[in-house]
Amino acid sequence: MRDQPVLDVRGLWKVFGPRPERAVGTTLSRQELKETTGCVAAVRDVSFTVRPGEVFVVMGLSGSGKSTLVRCLTRLVEPTSGEILFDGDDIRRADERRLRELRRHRLAMVFQHFGLLPHRCVLDNVAFGLEIRGSARAERYKRAREVLELVGLTGFENSYPDQLSGGMQQRVGLARALAVDPDLLLFDEPFSALDPLIRREMQNEVIRLHREVGKTMVFITHDLSEALKLGDRILIMRDGELVQMGTADEVVGAPADDYVRDFVSDVPRSHVLTLRWIMRDAMEGEPLDGPELDPDLVIRDAVRVVLSADRPVRVVRDGALLGVVTSAEILEMIAR
Amino acid sequence: MAIRRIALVAGAALILTGCGGAKVGEAPSAAPGTGAAGSGAACGTLNLAINPWVGYEANAAVIAHVAEKNLGCTVVKKDLKEEVAWQGFGTGEVDAVVENWGHDDLKKKYIEEQKTAVDAGLTGNKGVIGWYVAPWMAAKYPDITDWQNLNKYAELFKTSESGDKGQLLDGDPSFVTNDEALVKNLKLDYKVVYAGSEAALITAFRQSEKEQKPVIGYFYEPQWFLSELKLVKINLPAYTDGCDADAAKVACDYPLYELDKIVSKRFADSGSPAYTLIKNFTWTNDDQNLVAKYISEDKMAPAEAAAKWAADNEAKIKAWLPTS
Amino acid sequence: MTALTVTARLPARRYLIGAVLAAWVLGHALLSGRDTLPLGGAELTPLHEGANEAWDTVDDNRNSNPFFLYFVNYIRLVLDESVRFVQALISQPSFGRPVPLLGWLGVVALAAAITYLFGNIRVALLTVAGFVSFGLLGLWAESMDTLALTLTAVAYSLAVGIPLGVWAGLSDRFNRFVTPVLDFMQTMPTFVYLAPLTLFFLIGPASATIATMIYAIPPAIRITAHAIREVSPVTLEAGASLGATAAQSLRHVRLPLARRTIVVGVNQTIMAALSMATIAALIDAPGLGKTVLKALQTLDIGAAFNAGLAIVIMAVVLDRATTAASRRVEAQRRTGREISAFFRRVEVTVALGIAAVLSYLSYTYVWAAVFPAEANIGSYVRRAADAASAWVQDSLAGFTDALKNLVTYGLLNPFESLLAGSPWWLVFAAGVAIAALVGGVRAAITAAVGLAALIGLGLWQDSMVTLAATLVATLLVMALGVAAGVWIGRSDRADAVLRPVLDAGQTMPAFVYLVPILGLFGPTRFTAIIAAVVFAAPVAIKLVAEGIRGVPATTVEAARSAGSSPWQVITKVQLPMARGAVALAANQGLIYVLSMVVVGGLVGAGALGYDVVAGFSQHQLRGKGLAAGLAIVVLGIVLDRVTRAAQARTDRLGVIKED
């Protein structure tokens, strides 16, 4: 680890229902829990850390508890049990005032349905967070204009939300979150209400912004390809529980269980997996003078080289030979 | 600024076109109260309750006319139900009620107990309450006017409301009635049906005359409608003093009411000339019916009707005025 | 499982209701006329006498009791002065002048400027036309009096109602507390509280204002609460995630987002206030209501109609103006900001400038202060209305008797006989049993408590007579409501033609059409029923039409493509899908009919309505009138709760069955 994690979540539980605390720690299934206590455990014993500058994706189908999880992080939903260490401080211990300070300065959230104020123009929407924390008008407009430029909405300052397309509205939502210059950005399925083309455009936008501003992000989605595309690491949830956590190729290459396997079965593996996943040890007598490739190269990008080479391609890291890849491995992968 | 200039120009144009009319307060006719100078003590404001029947309004119109024209008062009329008007004595909302039908309960409460009201004498009008039929019925069935024959005709008065009995139409809600007790104690084969308002009673009698439809019902005089249709009164067992003492055992006609005037104590003590006017005011049923007819039949405004009557009856008015 | 048991129980329940009714009819046949608890017109129970005495006590201590001296009397003073102040501005001679401060020209200009600035040019023109027509009808001063009272009452209603509404929107607990209170305020017939109000606040503008407020505040509170509640949770969450405090979130998120709906509440409040301001004429409220009441005394249909027309015009103007204002709130967002700011300034300056100049003219010159008497078309309107009513009465006379007898003998008398002619314990038992069967245990308890209260109030038989008439009137309202509602819901042309008629029917004071209806049907219970139907049908029709329109076009299309006839579309698709709206129409129709019970008492309904009217006029019947008013409220609450429970139950069953 390079340094201390930005966010360290330990044993987080969120139970809805009467006297929720007694359901904490339960091992009953969802159905059993509902029948015996009338409670629903939306988040069950989830732990993870988010490193600085990382894009951490939480993925799951609807009802898996991912939206509840992200709301617990800023206590829009009050967790039932567990710790949420943000830069070492437990958010759960923060009093009302401290929590508000955290929300005003250090955490910001982007919502699925935008949550814009229809009676305010774009500029005032973006400046809203700054206004809430009491910035002077000139200052907050200046900052809002900067952020609007960052998200490519210059010229729309005086439009009203309902005059904008969905994609543009979400850019406003994004700008509003960025305007307060938070340490951690939370995204709650921000693009699932958009149509596919716009969604891809916005995903690229997030990648670009991440490159430019380098914020740490927690990103919630139900879309696996989105998760794979954006996430440095991915946490997969089912029925409130953590099923698997790892990088994109770990998830695709080594599914933790049938649920995840089923989930990733449609993913074109060659787009996600790296050579590391298909390389094999060189067999005796194989010529080892073929081209060199890095083990972290995605297979798709290696296809041309491997197929056009007349001898095995060597997978090399720091001068050491890790293994070899031939057309046979590539074709087998693609055919699967 | 351009805007301001536009407004100024527009305004100036409007003012230019607007100038030339009479100014408020300049025209002498526009200022009431100044025309009747020289009538002695200052009158000030006279708050007249207007109870909701036309006869009352006739009294009030004539009093208001005289108070304004001869005494220079400012008259404020307040449309109020009786009970509500009496409450007004205590607060100064109401100075006078100029036609009162009995109301011994109210007299007891406001004159004797609260001492906010005082009696200001009779109006000269005689109030009659009873059962009436349209003239055509009295002509066709002459003996119907005797109560003892009512059962004979009960069949005629059957309606959808009274079932197998005759219908006795009752109920202006403002008036006390003993009719249920009367029907019972006189052993009449009738059912009391509540018409609910004076308007409903009048409509029923109008239709009775127009369509020759038998209707018998509660009514009273003086009442402007009698100048349109001379209803005929049924003779119930004659009224004797105290025969109506027990409401449940009443078996006699309604008493004759000597209509009177009630004023607030405060007003009576004020020495206003208007008080003297109201105290002296007295006239006959015919006088009132005439003014009431002007108002209801001829659709005159009450003030117009009063002016018309006043012009023809200067002598009577003179007798009401305070002697200086 | 559940579906099975429910479907198995359904027919049984229907049979049980049938059995209860059969037992009731049988019991009625055997025991008719026994234990019916009658109470004659002038008879009183100890409760009524007690109420009289309590009333007297309050009356006697008005000027000595500290509660009056330091509380009630101050409220009265403030309200009186408020109304008088507005009157001094626009309607009554004031400040030593023979005319109000603002003459007709000034008022018209100011009203036009305000409606233009908050609405648009079209409503401004409508306002000018409307206000000028007050003068043309010869009712300028009366109209301004009504306007003054209405506006004052509305101002106070909003000042009280909106904060309470916000509170109710934020707090579930307060909402639960205030809802039944509002129900009570809205079901209680106006006449019932007019008299007690005068007891506390005396006759005059103060009582009139409070009476108007009692009627006008509930919509302000309800709609504001609803507006606050319906604010999108996403937006609220977004605010919270940015660290907004509760106050910031109220100020920056909830209130702005709720504004449009709150303006709808303002609209409803104004309409309610206007309708009440006319009725308040009974306690000397100034204005058009008085003109109508006076016309009623002399059965002057023309004059009543003339004033009624002015009220309708005022209602239309106020309604359209506030509606335009609420639309503008919406439209404001769509205009660019920089541009509009400049134009806005121009607009405001010019509009207010012109209004100020015209106001000055109307302050100074007689021609602009006093509406020219020569331009008076009121007499034509009066004569035309007289002629029309005479014609209707003459030409329908034969037909009306038949209709009256049909409904009276066929429907009303059997109902009344069953309810009022059966022993009280039989009606009680049958009523509670039916409530239990259609609405469940809670409904049964409400019914039992309510019916017991009617006995306690000493007005059992009168209540049953009124109940019978109310049920018959509601049946007629629903028949009309479904027929006309379906028609309007399906045809835009019918909607365009009938909607203004319905609006007028709702805003025209009932007193205006009482006289012609009296002429047609005489003073009978049927007349009262017709008056109630005229009043309640527009609401029911509108609600049903709304429901029919709400049926998704695709569903109708699907039915049509399957070859359904129009009749099949109506009965198998549109009406069943609009079930909620029809049930709501029945519920509202019932409440509206009940609110006309007292007016019905004026035209021959007798029973509770007459008790209230008589209590209002006669000293010794006050207590009884008050009890009768309460009995009406009790009937309202019981009917409302039972129908709602039944409705909720059928909805629930429907869901289970559909599963």
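1. In this predicted model, Lys299(B) forms a salt bridge with Asp300(C), and the closest N and O atoms of that pair are 3.5 Å apart. The interface of chain C and chain B holds two salt bridges by the rule applied, and six residue pairs are found in polar contact across it, both partners in each case being at pLDDT 80 or more. Several elements of chain C give two or more residues to the side that touches chain B, including helix H2 (46-60), helix H8 (190-201), helix H12 (288-297), helix H14 (337-364) and helix H16 (378-420). The largest share of that side comes from H14(C), which supplies ten residues. Divided by class, the residues of the side of chain C that touches chain B are 34 nonpolar, 20 polar and 13 charged.

2. As to the extent of this contact, 67 residues are taken from chain C and 62 residues from chain B. The area that chain C and chain B bury between them is about 5,500 Å², with 58% of it on carbon and sulfur atoms. There are two pairs of chains in contact, and of these chains B and C share the most contacts.

3. The other interface to consider is that of chain A and chain C, to which chain A contributes 27 residues and chain C contributes 21 residues. About 2,300 Å² is buried between chain A and chain C, and 59% of this lies on carbon and sulfur atoms. On the side of chain A, the residues that lose the most area to chain C are His119(A), Ile132(A) and Tyr160(A), which together account for 21% of what that side buries.

4. Which residue of chain A forms a salt bridge with Glu237(C)? The partner is Arg71(A), with the closest N and O atoms 2.5 Å apart, and the count of salt bridges between chain A and chain C is one. Seven residue pairs are in polar contact across the interface of chain A and chain C, again with both residues at pLDDT 80 or more. Helix H3 (96-105), strand S6 (107-110) and helix H5 (128-132) of chain A each supply at least two residues of the side that touches chain C, and H5(A) gives the most to that side, with four residues. By class, the side of chain A that touches chain C comprises twelve nonpolar, six polar and nine charged residues.

5. Chain A and chain B, by comparison, are joined by no contact, and their closest C-alpha atoms lie 25 Å apart.

6. The largest nonpolar core has 282 residues, and those with the most contacts inside it are Leu48(B), Trp131(B), Tyr190(B) and Phe131(C). Helix H22 (residues 525-550) of chain C gives the largest share of this core, 15 residues. If residues up to four places away in sequence are set aside, Tyr190(B) touches a set of chain B residues, among them Leu150(B), Tyr153(B), Phe157(B), Leu168(B), Val183(B) and Ile216(B), and including also Asn151(B), Lys165(B) and Gln167(B). Another core, of 80 residues, lies apart from the largest one, and among its members are Val264(A), Val313(A), Leu242(C) and Ala258(C). As general background, nonpolar side chains tend to be buried together in soluble globular proteins.

7. Is His28(C) buried or exposed? His28(C) has a relative accessible area of 13%, and because buried means under 20%, this histidine counts as buried. His28(C) is placed in helix H1 (residues 2-31) of chain C. The side chain of His28(C) is joined to that of Ser417(C) by a polar contact of 2.8 Å, and it also makes a polar contact, at 3.1 Å, with the side chain of Ser422(C). Apart from neighbours within four places in sequence, the residues in contact with His28(C) are Ser417(C), Leu418(C), Gly421(C), Ser422(C) and Leu426(C).

8. Turning to the individual chains, chain B contains 14 helices and nine strands, while chain A contains 14 helices and 13 strands. Of the 324 residues of chain B, 54% count as buried; for chain A, buried residues make up 53% of 336. Among contacts in chain B with a separation of 6 or more, 74% are between residues 24 or more positions apart, and in chain A 65% of the contacts between residues at least 6 apart in sequence join residues at least 24 apart. The C-alpha trace of chain A spans about 75 × 55 × 35 Å along its principal axes.

Technical notes: Residues numbered from 1 in each chain as written. Chains lettered and ligands numbered in written order. Predicted model: local features only at pLDDT ≥ 70, side-chain atom pairs only at ≥ 80, totals over all residues. Heavy atoms only, no water. Contact = heavy atoms within 4.5 Å. Buried area = accessible area lost by both parts, 1.4 Å probe. Salt bridge = Lys/Arg side-chain N within 4 Å of Asp/Glu carboxyl O. Polar contact = N/O pair within 3.5 Å; in protein donor to acceptor, adjacent residues only side chain to side chain. Nonpolar A, V, L, I, M, F, W, Y, C, P; charged D, E, K, R; others polar. Core = buried A, V, L, I, M, F, W, Y, C linked by side-chain atoms within 4.5 Å. Buried < 20%, exposed > 50% of the residue type's maximum accessible area, 1.4 Å probe, protein only.
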